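Please keep the sequence and the structure in view while reading.

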Amino acid sequence: MTLSPSAGERDPIHPLPSRERAGRGGSRFQVPQLYDQIGAGYNAHRRPDLRIGAAILDALGPACSVVNVGAGAGSYEPADRAVVAVEPSTAMIRQRPSGRAPVVQASATALPFRDGAFDAALAVLTVHHWPDRAQGLVELRRVARDRVVILTWDPESTGFWLVEDYFPALAMDRAIFPPLEELRRILGPIEAHPLPIPHDCVDGFLGAYWRRPHAYLDPGVRGAISTFSKIGEVEAGVARLRQDLEDGTWARRHGHLSTRSALDLGYRLIVAMSPSP
Ligand SMILES: C[S@@+](CC[C@H](N)C(=O)[O-])C[C@H]1O[C@@H](n2cnc3c(N)ncnc32)[C@H](O)[C@@H]1O
């Protein structure tokens, strides 16, 4: 269900009427959305991973109402809480299975909700896409009474073989993901919990296939990873990876990973509690 921005004017969990949103730049989501171009087949390779879902649930703690910002197709939305999703891309909204939480088409940078409207604000692998990261973080803090929970990647973490050996242009992620210091500055004290990625992770983000290198040869897998869509030419890196897999070079360099069941690649689950009143 897509909520109309004017629905439930007096209900704090429902969007503010459009005249109130306009003052906050509420129509910003109408700018062209990357995910309207690349998001169409998202669900084929980006399914919620149960282990990551459990960590997110744990981080949400006792929060009964949750706004899921940059919600995409609805991965990781807890079924046992009152959830409202916020997502600017029509292509992503169309992929939300029926029965999922109601969705408001809006940008993180102008959330159409009253201050403290939800117990928790959740943002999963989305902050790096926002046109004004700081403004979006301020908005999360504003609408969350109890806590902000963010799944992100620490741009100061050590390198990943995929980037270092084959696609150095993917290192552009270091410039677009928020440094933990920025999260601290805007959200106040944070806990940053390492989120080791299981070797058989079913949510196909960039680091998901760290132990399954052949996966990155698949254009469908790469197409579900936004940074691949931004770096342009990938054929040279793909050819190098294919060659290294065939002649044993990859196994010589990285074969030791086969003994690991999960790996810390720099993904972090951030919990920022609201200051006590
Ligand atoms: C990698 S997807 C993650 C989707 C979902 N959270 C998940 O875990 O599957 C990033 C999402 O951020 C959304 N996004 C991009 N710009 C945004 C903005 N300004 N405000 C909120 N979400 C945005 C995209 O449309 C996309 O759905």
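## Basis and confidence

The structure is a predicted model, in which local features need pLDDT of at least 70 and side-chain atom pairs count only at pLDDT 80 or more, whereas totals for chains, interfaces and linings use all residues. Residues are numbered from 1 along each chain, following the sequence as written.

The term pLDDT denotes the predictor's confidence in each residue, on a scale from 0 to 100. The average for the protein is 90, and 90% of the residues score at least 70. In residues 5-10 the pLDDT is below 50, and this stretch has twelve contacts in the model beyond near neighbours in sequence; a contact requires the C-beta atoms of two residues, placed from the backbone, to lie within 7 Å. Residues 16-29 also have a pLDDT below 50, with 28 contacts beyond near neighbours in sequence. Where pLDDT is low, the predicted coordinates should not be read in detail.

## Overall make-up

The protein contains 13 helices and nine strands. These elements are DSSP runs numbered from the N terminus: helices are H or I with at least four residues, and strands are E with at least two.

Of the 277 residues, 41% count as buried. A residue is buried if 20 or more other C-beta atoms lie within 10 Å of its own, exposed if 12 or fewer do, and partly exposed in between, with C-beta atoms placed from the backbone. Among contacts between residues at least 6 apart in sequence, 69% join residues at least 24 apart.

## The sheet

Seven strands form an open sheet with mixed pairing, in the order S3-S2-S1-S4-S5-S9-S6. Its edge strands, S3 (103-104) and S6 (191-194), each pair on one side only. Two strands are said to pair if DSSP finds at least two bridges between them.

Strand S4 (residues 118-124) pairs in the parallel sense with strand S1 (residues 65-69) over four bridges. Val67 stands opposite Ala121, and Val69 has Ala123 as its bridge partner. S4 also runs parallel to strand S5 (residues 144-153), to which six bridges join it; here Ala120 is partnered by Arg147. Seven of the seven residues of S4 are buried, so this strand is largely enclosed by the rest of the structure.

## Helix H12

Helix H12 (residues 235-247) has 13 residues and should span 18 Å at 1.5 Å a residue. The expected span is 1.5 Å times one less than the number of residues. The end C-alpha atoms are 18 Å apart, which agrees. After H12 comes Gly248, whose phi is positive, near 90 degrees.

## The ligand shell

Among the 23 residues around the ligand, Tyr35, Gly70, Gly72, Ala108 and Thr126 come nearest. A residue counts as near if its C-beta atom, placed from the backbone, lies within 6 Å. The shell comprises eleven nonpolar, ten polar and two charged residues. Ala, Val, Leu, Ile, Met, Phe, Trp, Tyr, Cys and Pro count as nonpolar, Asp, Glu, Lys and Arg as charged, and the others, Gly among them, as polar.

## Two residues

Ile93 belongs to helix H5 (residues 90-93). Ile93 is buried, because 21 other C-beta atoms lie within 10 Å. Leaving aside neighbours within four places in sequence, Ile93 is in contact with Thr2, Glu87, Val103 and Gln105.

His128 lies in the loop between S4 and helix H6 (133-143). His128 is partly exposed, with 17 other C-beta atoms within 10 Å. Not counting residues up to four places away in sequence, His128 touches Ile176 and Phe177.
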